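This report goes through one protein chain region by region. Keep the sequence and the 3D view at hand while reading.

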Amino acid sequence: MEHATPSPVPLGQAEVFQALQQLHMTIFSQSVSPCGKFLAAGNNYGQIAIFSLSAALSSEAKEESKKPMVTFHAHDGPVYSMVSTDRHLLSAGDGEVKGWLWAEILKKGCKELWRRQPPYRTSLEVPEINALLLVPKENSLILAGGDCQLHTMDLETGTFTRALRGHTDYIHCLALRDRSPEECSRPHNGRWIGCLATDSDWMVCGGGPALTLWHLRSSTPTTVFPIRAPQKHVTFYQDLILSAGQGCCVNHWQLSGELKAQVPGSSPGLLSLSLNQQPAAPECKVLTASGNSCRVDVFTNLGYRAFSMSF
């Protein structure tokens, strides 16, 4: 007697929409909580997902542990940048920055605390805010993006205190240092700088120009890293420089320019790296990487991807 093969159960409209949304998702930004145990990730749909790093890294972790503990709609457009203070999560999208209380987020009470819009030149101007930078000594926040300016906001009063002009095109990233170096030109890729990090007297940056290590006191380049693809994120880690961009790999560079390792992730392109080094949660010391997919890769050991968390 032949048994009939059961017909596949058709997906409902909601399931189809969710599958399509995940297929076309890009995660632009990440930020670790002040306690070091949670990771916020922002995507192109204006959503922020909160992952429990401690649960995902537990020896008893299940697949559900790698899913968001809460996801909320934060902006009408993409969440391009996020940073955390000792109490707040700050997120930026098209033309505005918002503040959220971490304590409330972790209780799943994701209510916007405040929102601010920089004083743009016209009321019709809504440029994206690509970068946020905290200046703890001044208790201020610097915003930069599509209007080619840097705006400084006083975090105590919420007022914008100054604007710095001089760029002639989009500002993609920010780092805090007293002096600014010249570009390391690569004309065929353009003049945009897509990634930037500083460490004492050293700075590494790249994008259209080659990824280059600079000595800031002398304003001279010391190492040009031999990678052709434009890099979108870079950070110092111990005696290494980690970079990511086009392609699925996190690149490990020695300061001399030697490529020590290329560690593959699950996304076809990477836009954001986050090193969780919060002293309050040493058990959650990980590197996370995200980009052109719905997944956040977790590297417990920098030499391999341990697992992925997903929207």
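Two residues are in contact when heavy atoms of theirs lie within 4.5 Å. The model is a predicted one. Leaving aside neighbours within four places in sequence, glycine 95 is in contact with Arg116, Gln117, Pro118, Tyr120, Val126, Pro127, Glu128 and Ile129.

Glycine 95 is placed in the loop between β6 and β7 (97-101). Is glycine 95 buried or exposed? Its relative accessible area is 0%, and buried means under 20%, so glycine 95 is buried. From glycine 95 to leucine 132 there are 37 residues along the chain, and their C-alpha atoms are separated by 12 Å.

## Leucine 90 in strand β6

Strand β6 covers residues 88-92, and leucine 90 is in this strand. Leucine 90 has a relative accessible area of 1% and is buried. Which residues does leucine 90 contact, leaving aside its neighbours within four places in sequence? They are Ser81, Met82, Val83, Thr85, Lys98, Gly99, Trp114, Leu132, Leu134, Leu141 and Leu155.

Asparagine 44 is 46 residues from leucine 90 in sequence. In space, the two are 16 Å apart, taken from C-alpha to C-alpha.

## Nonpolar cores

In soluble globular proteins, nonpolar side chains tend to be buried together. The largest nonpolar core here has 18 residues. Those that touch the most other members are Leu39, Ala41, Phe51, Leu53, Val296, Met309 and Phe311. Several elements each supply at least two residues of this core: β1, β2 (38-43), β3 (47-52), α2 (53-56), β23 (295-299) and β24 (307-310). Apart from this core lies another, of 13 residues, including Ile48, Phe72, Val79 and Trp102.

Alanine 41 can be followed in detail. Not counting residues up to four places away in sequence, alanine 41 touches Ile27, Ser29, Gln30, Gln47, Ile48, Ala49, Phe51, Met82, Val296 and Phe311.

## Aromatic pairs

A pair of aromatic rings is described by the distance of the centres and the angle of the planes. How many aromatic pairs does a search of the whole structure find? The search finds four.

Phenylalanine 225 lies in the loop between β16 (220-224) and β17 (231-237), while tryptophan 253 is in strand β19 (residues 249-254), so the pair ties together parts that are 28 residues apart in sequence. Phenylalanine 225 is buried at a relative accessible area of 2%. Tryptophan 253 is likewise counted as buried, with 1% relative accessibility.

## Cavity and pocket

Rolling a probe the size of a water molecule over the atoms shows where empty space is left. One cavity of 30 Å³ or more is found in a search of the whole structure. The largest cavity holds about 40 Å³ of space. Its lining is made of Pro118, Tyr120, Pro127, Glu128, Ile129, Leu143, Ala144, Gly145, Gly146, Asp147 and His151. Strand β10 (residues 140-145) gives the largest share of this lining, three residues. By class, the cavity lining has six nonpolar, three polar and two charged residues.

The largest pocket holds about 1,600 Å³ of space. It is lined by 43 residues, of which Gln30, Met82, Leu132, His233 and Leu273 are the closest to its centre. At least two lining residues each come from β1 (27-32), β5 (81-84), β9 (129-135), β13 (193-199), β17 and β21 (270-275). The pocket lining divides into 25 nonpolar, 16 polar and two charged residues.

## Two positive phi angles

Most residues other than glycine have a negative phi, and most peptide bonds are trans. Asparagine 139 is not a glycine, yet its phi is positive, at about 50 degrees. Asparagine 139 is found in the loop between β9 and β10, and at 37% relative accessibility it counts as partly exposed.

Cysteine 148 also has a positive phi, near 65 degrees. Its place is the loop between β10 and β11 (150-154). With 15% relative accessibility, cysteine 148 counts as buried.

Methods: Residues are numbered from 1 along each chain as its sequence is written. This is a predicted model: local features need pLDDT of at least 70, side-chain atom pairs count only at pLDDT 80 or more; totals for chains, interfaces and linings use all residues. Side-chain values use heavy atoms; hydrogens and water are left out. Rings of Phe, Tyr and Trp (its six-membered ring) pair if their centres lie within 6.5 Å; planes under 30 degrees apart count as stacked, over 60 as edge-to-face and the rest as tilted. Helices (H or I, at least four residues) and strands (E, at least two) are DSSP runs, numbered from the N terminus. Buried means under 20% relative accessible area, exposed over 50%, partly exposed in between (1.4 Å probe, protein chains only). On a 1 Å grid over the protein atoms alone, a cavity is a set of points where a 1.4 Å probe fits but cannot get out, and a pocket is an open set with protein on both sides within 12 Å along at least five of seven lines; lining residues have an atom within 4 Å of a point. Grid points are joined across faces, edges and corners, and a volume is the space filled by probe spheres set on the points. Ala, Val, Leu, Ile, Met, Phe, Trp, Tyr, Cys and Pro count as nonpolar, Asp, Glu, Lys and Arg as charged, and the others, Gly among them, as polar. A nonpolar core is a set of buried Ala, Val, Leu, Ile, Met, Phe, Trp, Tyr and Cys residues joined through side-chain atoms within 4.5 Å.
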